[in-house]
Amino acid sequence: MAIRHDQGIVLRGYPFGEADRVVVLLSPNNGKLRTVAKGVRKTKSRFGGRLEPFSHVDLVLYEGRNLDTITQVTMIEPFHHLRGDLDKVVAAGTMVEVADAVAQEEESSIRLFLLLQRGLRTLDLGGLHPDLVTAYLLKAADIVGVAAQLDQCAGCGRPDELTRFSFSAGGVLCERCRTAGAYALRPGLTHYLAQLAGSDLGALPNVDDSFSREAMGVARRFVEYHLERKLQSLAVLDG
Ligand SMILES: [Zn+2]
């Protein structure tokens with residue numbers, strides 16, 4: 001048993017035993033981290049709300065056999081501003097949900113951590129760009145090794161007439177390679193998606209309202225296809 005330091009962004013928490021709470025974080029060096037905050041359900045003030053989702057915190061942990069116990073929490077970045085805006089909270093919730101779904105325990109996750117941090121910071125500091133979550137989804141897929149192929153046909157490699165998107169083929173298809181279930185893309189949408197996938201989250205291209213909604217639909221279904229489940233945080237927008 002020993003004391004160790006770590007840091008991470010809080011992904012979620014859930015009740016544990018009578019009075020404790022499990023707090024799940026994404027650590028840049030150690031991936032998904034499951035920790036216990038003891039007694040927080042009786043005395044909520046102990047960690048002063050620092051273990052709420054989205055908070056980037058520094059931790060002192062007491063190593064346990066199964067779960068490490070949090071003994072100290074220091075706030076690194078609270079992302080205060082985004083919490084006051086429901087649309088931003090939904091966007092941040094989607095980012096956190098995807099990170100939670102793809103992160104592994106005890107595995108370096110620096111790229112995923114930096115993507116999540118960048119996404120939350122962009123939400124916190126500015127307006128909500130309608131394509132931010134779409135770009136985040138495409139980038140997260142890339143980081144976990146299932147990047148959507150957007151600049152050439154996923155079937156034959158040709159770079160033009162990319163008019164279909166196949167979730168099972170992992171990207172766009174040309175007319176010759178199109179399969180029965182492939183989704184028809186409007187002209188220009190392929191390029192729009194490729195631009196989003198290639199842009200920094202804090203410097204996304206100008207919004208094209210005619211593409212935004214459809215681009216989100218494609219990116220979301222693509223990620224859901226690979227995760228083999230629906231994204232709960234986006235389901236609230238469907239209702
Ligand atoms: Zn083709």
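Predicted model: local features only at pLDDT ≥ 70, side-chain atom pairs only at ≥ 80, totals over all residues.
Residues are numbered from 1 along each chain as its sequence is written, and side-chain values use heavy atoms, with hydrogens and water left out.

I begin with the strands. Helices (H or I, at least four residues) and strands (E, at least two) are DSSP runs numbered from the N terminus, and two strands pair if DSSP finds at least two bridges between them. Strand β1, residues 3-16, has seven antiparallel bridges to strand β4, residues 56-62. Within that pairing, H5 is set opposite V60 of β4. Strand β1 is also joined to β2, residues 20-27, by seven bridges, again in the antiparallel sense. There, R12 has V24 of β2 as its bridge partner. Three residues separate the strands in the hairpin of β1 and β2, where G17 adopts a positive phi near 65 degrees.

Strand β3, residues 31-37, contains T35. Is this residue buried or exposed? T35 is buried, with a relative accessibility of 0%; here buried means under 20% relative accessible area, exposed means over 50%, and partly exposed lies in between, for a 1.4 Å probe and protein chains only. Leaving aside residues up to four places away in sequence, T35 is in contact (heavy atoms within 4.5 Å) with R21, V22, V23, L25, L61, D68 and I70.

I turn now to the metal. Which residues coordinate the zinc ion? They are C153, C156, C174 and C177, each through SG, at 2.3 Å. Donors are N, O and S atoms within 2.8 Å of the metal (3.2 Å for Na, K and Ca), and sites may look incomplete, as water is not among the atoms. The angles among the four donor atoms are 106 to 114 degrees, and the site is tetrahedral, a label that requires four donors with all angles between 85 and 135 degrees. Along the chain, the donors follow the spacing C-x2-C-x17-C-x2-C. C153 lies in the loop between α3 (132-143) and β6 (162-166), and C174 in strand β7 (residues 171-174), so this pair ties together parts that are 21 residues apart in sequence. C153 and C174 are both buried, C153 at 2% relative accessibility, whereas C156 is partly exposed at 41%. A search of the whole structure for disulfides, meaning cysteine sulfur atoms within 2.5 Å of each other, finds zero.

Strand β7 also belongs to an open, antiparallel sheet of three strands, in the order β7-β6-β8. Its edge strands, β7 and β8 (183-184), each pair on one side only. Four bridges connect β6 with β7, and S166 has G171 of β7 as its bridge partner.

Finally, the cores. A nonpolar core is a set of buried Ala, Val, Leu, Ile, Met, Phe, Trp, Tyr and Cys residues joined through side-chain atoms within 4.5 Å. The largest has 56 residues, and those with the most contacts inside it are L26, L116, L120, Y136, L137 and F165. Helix α3 gives the most to this core, with eight residues. A second, separate core has 13 residues, among them L25, V40, F47 and V57. Beyond four places in sequence, L26 touches residues including I9, L11, A103, F113 and L116.

Technical notes:
Tetrahedral: all angles 85-135°; square planar, octahedral: opposite > 155°, others 65-115°.
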